[in-house]
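Biologist: Could you walk me through this model, with the cut-offs spelled out as we go?

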Amino acid sequence: MAGATFLSAPALLGLPSVSSPARRHAHVQVCCQAKAGGSEDAAACQEAPRFHRRDLIGGCFGAAVGLEIAEASTRSTGVAAAADLIERRQRSEFQSSIKSTLTAAIEAKPELVPSLLTLALNDAMTYDKATKTGGPNGSIRLSAEISRPENSGLSAALDLLVEAKKEIDSYSKGGPISFADLVQIGASQALKKTFLDAAIAKTGGNQEKGRTLYSAYGSSGQWGFFDKIFGRDDVQEPDPEGRVPQWSTASVQEMKDKFISVGLGPRQVAVMSAFFGPDQAATEAKLIVDPDCRPWVEKYQRSRETVSRTDYEVDLITTVTKLSYLGQKINYEAYTYPKQKINLGNLKL
């Protein structure tokens, strides 16, 4: 066309055109030259949106810079996502090793399972909602706290964790594990043992069939949120006295009051019956007399008779998870470490 050249914006920017008939971009027409005299070309040029070349060049430059920034941002986001993935993998691998160490220790001393459960409960139950102090912060490891009446008989369970910690710290690449984490994970592994033992009992004591039953119908897949709560800090002073009842002698009302004070209630008291001492049946016999606890005790007793034990195990895991982070700030980068860089130039191929 003489005197005027019309270019589309996609062509000028070097971008592919949209070929779909349903989604075509309107082309911007640019008048580079036009003859005077009212020619059709000039008229067409006047009717089209008019831009000076410097405007177009400036726009193209801005678009190019914008694309460059977007690309850099994408690269940065990609690097951050990759780093986050590496840290999550590090924490997951470390946690798996911790569980293996604790499982072996618990298998060697199964009689300490009830004490490990109570140890975790009592460390968490120092939480005071009004002051936002206490909770599962590892203070129960301190001699001034473990020697209190409510913690009587729990020293052996603590000793098991102290020994396990030595092994765990020896292979940790991201620093020593906190007692706050160790006490809670120890209880979770002890609880899993009770779940597995129940499945084995339902198969007449057959270990292989019991493990298969637990894998197929048990609650092993319900621990995801608990596992994410990993990175509690240890405190260096004991929590205040008088916050944790002596469960064996406390009245049901006292037990309910304590659970209510941390945001729970009779339902959680009932499902936690195995945590109040070595004799779960005796604890439930006391709780079932209370009208608030009775329906829940009966519900969980029925659930334990089923193959899957779903209601009991899932509610118990949920409650244990809630208790395990009362008042705590979780460091989600805990136990991570810089990845060693490999100098490819030194590799001999």
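Modeller: Gladly; here are some questions and answers about the structure. This is a predicted model, in which local features need pLDDT of at least 70 and side-chain atom pairs count only at pLDDT 80 or more, while totals for chains, interfaces and linings use all residues. Residues are numbered from 1 along each chain as its sequence is written, and side-chain values use heavy atoms, with hydrogens and water left out.

Biologist: How many helices and strands does the protein have?

Modeller: Helices (H or I, at least four residues) and strands (E, at least two) are DSSP runs, numbered from the N terminus. Read along the sequence, the pattern is α-α-α-α-α-α-α-α-α-α-α-α-α-α. The count is 14 helices and zero strands.

Biologist: What percentage of the 349 residues is buried?

Modeller: Buried means under 20% relative accessible area, exposed over 50%, and partly exposed in between, using a 1.4 Å probe and protein chains only. On that scale, the buried part of the 349 residues is 40%.

Biologist: Which residues is Leu316 in contact with, leaving aside neighbours within four places in sequence?

Modeller: Contact means heavy atoms within 4.5 Å. Leu316 is one of the residues with the most contacts inside the largest core. With those neighbours set aside, its partners are Leu191, Phe195, Val271, Met272 and Phe275.

Biologist: Which residue forms a salt bridge with Arg88?

Modeller: A salt bridge is a side-chain nitrogen of Lys or Arg within 4 Å of a carboxyl oxygen of Asp or Glu, and the structure holds 14 of them. For Arg88, the closest N and O atoms of the pair are 3.1 Å apart. Both partners lie in helix H3 (residues 53–108), four residues apart, about one turn of the helix. The partner, partly exposed at 36% relative accessible area, is Asp84.

Biologist: How far apart in sequence are the parts that Asp227 and Lys99 tie together?

Modeller: These two form a salt bridge whose closest N and O atoms are 3.0 Å apart. Asp227 lies in helix H9 (residues 224–228) and Lys99 in helix H3, so the separation in sequence is 128 residues.

Biologist: Is Lys99 buried or exposed?

Modeller: The relative accessibility of Lys99 is 18%. Since the limit is under 20%, Lys99 counts as buried.

Biologist: Which helices hold Asp311 and Lys299?

Modeller: The side chains of Asp311 and Lys299 meet in a salt bridge at 3.5 Å, N to O. Asp311 is partly exposed at 38%, and Lys299 is partly exposed at 23%. The pair is 12 residues apart, with Asp311 in helix H14 (residues 310–323) and Lys299 in helix H13 (residues 294–305).

Biologist: Which element gives the largest share of the lining of the largest pocket?

Modeller: On a 1 Å grid over the protein atoms alone, a pocket is an open set of points where a 1.4 Å probe fits, with protein on both sides within 12 Å along at least five of seven lines; lining residues have an atom within 4 Å of a point. The largest pocket is lined by 16 residues, of which Thr103, Gln189, Lys192, Lys193 and Leu196 lie nearest its centre. H3, H7 and helix H8 (207–217) each give two or more lining residues. The largest share, six residues, comes from H7.

Biologist: Where is Tyr335, which has a positive phi although it is not a glycine?

Modeller: Most residues other than glycine have a negative phi. Tyr335 has a phi of about 70 degrees and counts as buried at 7% relative accessibility. Its place is the segment after H14.

Key:
A nonpolar core is a set of buried Ala, Val, Leu, Ile, Met, Phe, Trp, Tyr and Cys residues joined through side-chain atoms within 4.5 Å.
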